[in-house]
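Please have the structure open as you read along.

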Amino acid sequence: MRIRIVDAFTDRPFAGNPAGVLLLDAFPEDDWLQNVALEVNHAETAFAHRLPESAEADWALRWFTPGTEVAMCGHATLATAHVLHTTGTQPGPVRFATRSGVLIATPADDGSITLDFPTAPLTAVEVPDGVAEALGAEPLTAFDTGPSVGDLVVELADERTVRGLTPDHKALAAYSTRGLIATARAEDPSRGYDFVSRCFFPNVGIDEDPVTGSAHTALAPYWSERLGRPDLTGLQASPRSGLVRTGLRGERTLLTGRAVTVIDGELHA
C-alpha cells in the first residue's frame, strides 16, 4: 500500500514536523497499526479510511506515536489533509472522525490548511516541585491543559531561555500525562511570530516534538489573553522549527499551516 512522509507546519522539506500518512480501506488490527508507526519512527503516523456518505464525517482518522495511540494530533491531521487535497482525493474541506470528535480541515487557495480543533481548557496550578530542576529553568506560571491534551504549560522568562533549554526528559515524565510545553513571549514580533514554544513528551516516547498542533490549542488561549488578540502566530523553536497561525474562537481554535510531501512510496507489510 502507499505510504507518504509529509513535513507539516512548514513550506519547505526537512523542516516542520514529519508524519507518516496511510490511506486505508479500513483499520486493520491495532498491533499492525502500532508496528507501522514504530517502523516509520516519526512523532506520529496517521491512518485514515473513507466513511460512508451517511456518516457524520468524511474520513476516520487515528494517530500513533512509535509507542502508543494518541487522542489528538495536529501535525499528522494537517499532513493527512494535505495528502487528500494534493492528490485530489478530497479537494475541499474534509471532516475527520477522531477520538477528539469531528475535526475539520479546510484548504485555502494559497496552499495553507486550517484545522478546527477544540480549545484546551487551561487551569492555573502551582509550579510542581522539581519542574525547574528537570527543565533547567524557573517557570513563571504553570497551567494544566486538561485530559485531551494532557500537558503542563509553563511560561519562562524570555525567548532566549526557551531556546536554550536542555531538560532532563526522564525527570519531566512525572509532571503530566503527555509532557510539558515551555513557552515565552517573542523577543521581536517583527520577525513574524508572537510567542515561542518547545514541547517535550517523554510519556509517549518523544523527547522533543518538532512542531505540535495540539499544544497550540492551549497556547492560543494562553497568549491571546495576554496579548489581547485572537489571531496570533507561534514559532515552535525546535531544531526543525515551524510556524503555526492560531485563531481563538471560543471553544474552538483554528490552526493554520502548510505541508510538504517529501517521500511517496510503498509499504510491503
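How much space lies in the largest cavity? About 70 Å³. The model is predicted, so to speak of local features a pLDDT of at least 70 is needed, side-chain atom pairs count only at pLDDT 80 or more, and totals for chains, interfaces and linings use all residues. Residues are numbered from 1 along each chain as its sequence is written, and side-chain values use heavy atoms, with hydrogens and water left out.

**The cavity**
- On a 1 Å grid over the protein atoms alone, a cavity is a set of points where a 1.4 Å probe fits but cannot get out, whereas a pocket is an open set with protein on both sides within 12 Å along at least five of seven lines; lining residues have an atom within 4 Å of a point.
- Grid points are joined across faces, edges and corners, and a volume is the space filled by probe spheres set on them.
- The count is 1 cavity of 30 Å³ or more.
- Among the 14 residues lining the largest cavity, E44, R178, F201, D209 and T212 lie nearest its centre.

**The largest pocket**
- The largest pocket holds about 250 Å³ of space.
- Its lining has 16 residues, and F9, T10, D11, G242 and L243 are the closest to the centre.

**The second largest pocket**
- About 170 Å³ of space lies in the second largest pocket.
- V70, A71, S148, V149 and R178 are the closest to its centre, out of 14 lining residues.
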